[in-house]
Amino acid sequence: YFDVDEFAHLHWGYSFLIGEKPYTDFFYLFPPFFLFPIAAIISVFGRSISAIIAARVFIFLIFCITCLLLFILAKKMRNTQTALLAVIIFAFLPLPYDKLLEVRPDLLATLLSLTGIYLFSLSESKYRGKLLFISGLLISSSLAVVPKTVFFLIPVLAVLVYKIIRAIIFN
């Protein structure tokens with residue numbers, strides 16, 4: 001089935017595509033960055049059922065990439081079994097199970113945040129400055145899609161505070 005919110009996001013994406021402005025020409029609850037991929041899908045498939053299916057396929061691809069990234073991140077932190085368990089729990093939790101495959105901005109924001117956290121975890125390499133910049137860009141992009149991803153900043157800030165305190169004590 002299709003949720004009412006999905007049609008709302010598709011309608012808002014179409015309104016954005018035809019040149020209407022969010023907040024002034026039509027009511028919108030989020031920052032407008034999720035409207036870009038939705039408008040692009042509608043521009044390719046037109047106002048048809050194909051656009052709805054294509055938007056769902058887009059979200060499904062984001063879901064698959066998010067699962068893969070979650071697996072890589074959990075495996076880096078623990079082991080393969082823990083990573084598999086993390087992905088299974090993420091994919092099959094009863095409450096968000098259907099919401100993860102609906103046309104909503106939350107999953108895109110989650111993917112951007114997780115990618116930023118993963119790159120932040122890799123920033124001890126020789127590409128430290130570039131990775132930190134891209135990590136910050138991705139996390140801020142997730143905030144531009146859905147502001148509630150601000151809570152993904154907690155582990156990043158905890159690591160930074162730990163590093164600062166450790167540098168002060170041991171230097």
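Predicted model: local features only at pLDDT ≥ 70, side-chain atom pairs only at ≥ 80, totals over all residues.

Select Thr-66 to begin. Thr-66 is buried, with a relative accessible area of 0% (buried means under 20% relative accessible area, exposed over 50%, and partly exposed in between, with a 1.4 Å probe and protein chains only). This residue, Thr-66, lies in helix 3; helices (H or I, at least four residues) and strands (E, at least two) are DSSP runs, numbered from the N terminus. Now display the surroundings of Thr-66. Not counting residues up to four places away in sequence, Thr-66 touches Phe-90, Leu-107, Thr-110, Leu-111 and Leu-114, where contact means heavy atoms within 4.5 Å.

Residues are numbered from 1 along each chain as its sequence is written, and side-chain values use heavy atoms, with hydrogens and water left out.

Next, select helix 3 and helix 5 together. Two packed helices are described by the angle between their axes and the distance between the axes. Helix 3 covers residues 49–77 and helix 5 covers residues 106–121; they pack at an angle of about 30 degrees, with their axes 9 Å apart. The axes are lines fitted to C-alpha atoms, for helices over the stretch in contact, and angles run from 0 to 180 degrees between N-to-C directions. Helix 3 and helix 5 are therefore roughly parallel to each other (angles under 35 degrees count as roughly parallel, over 145 as roughly antiparallel, 65 to 115 as roughly perpendicular, and the rest as oblique). In passing helix 5, helix 3 makes a left-handed crossing; a crossing is left-handed if the near helix is turned anticlockwise from the far one by less than a right angle, and right-handed if clockwise.

Show the side chains between these two helices. On helix 3 the contact is made by Ile-59, Ile-62, Phe-63, Ile-65, Thr-66, Leu-69, Ile-72, Leu-73 and Lys-76. On helix 5 the partners are Leu-107, Leu-108, Thr-110, Leu-111, Leu-114, Thr-115, Ile-117, Tyr-118 and Ser-121. The residues of this contact of helix 3 with helix 5 divide into 13 nonpolar, four polar and one charged. Here Ala, Val, Leu, Ile, Met, Phe, Trp, Tyr, Cys and Pro count as nonpolar, Asp, Glu, Lys and Arg as charged, and the others, Gly among them, as polar.

Remain on helix 5 and select Gly-116, which is found in that helix. Is Gly-116 buried or exposed? Gly-116 is buried, with a relative accessible area of 0%. Leaving aside its neighbours within four places in sequence, Gly-116 is in contact with Ser-135, Leu-138 and Ile-139. A C-alpha to C-alpha distance drawn from Gly-116 to Ser-141 spans 9.4 Å, although the two are 25 residues apart in sequence.

Proceed to Ser-140, in helix 6 (residues 128–145). Ser-140 is partly exposed, with a relative accessible area of 38%. Its C-alpha atom and that of Glu-124, 16 residues apart along the chain, are separated by 20 Å.

Return to helix 3 and select Val-57, which belongs to that helix. Val-57 is partly exposed, with a relative accessible area of 43%. Val-57 and Val-103 are 46 residues apart in sequence and 9.3 Å apart in space, C-alpha to C-alpha.

The axes of helix 2 and helix 3 come within 9 Å and cross at roughly 140 degrees. That makes helix 2 oblique to helix 3. The crossing of helix 2 past helix 3 is right-handed. Pro-37, Ile-41, Ile-42 and Phe-45 of helix 2 meet Ser-50, Ala-51, Ala-54, Ala-55 and Phe-58 of helix 3 in this contact. Of the residues in the contact of helix 2 with helix 3, eight are nonpolar, one is polar and none is charged.

Move to Tyr-23, in the loop between helix 1 (4–17) and helix 2 (35–45). Tyr-23 has a positive phi of about 75 degrees although it is not a glycine.

Finally, display the whole chain. The chain has seven helices and zero strands. Its C-alpha atoms fill a box of roughly 60 × 35 × 25 Å, taken along the principal axes. Of the 171 residues of the chain, 37% count as buried.
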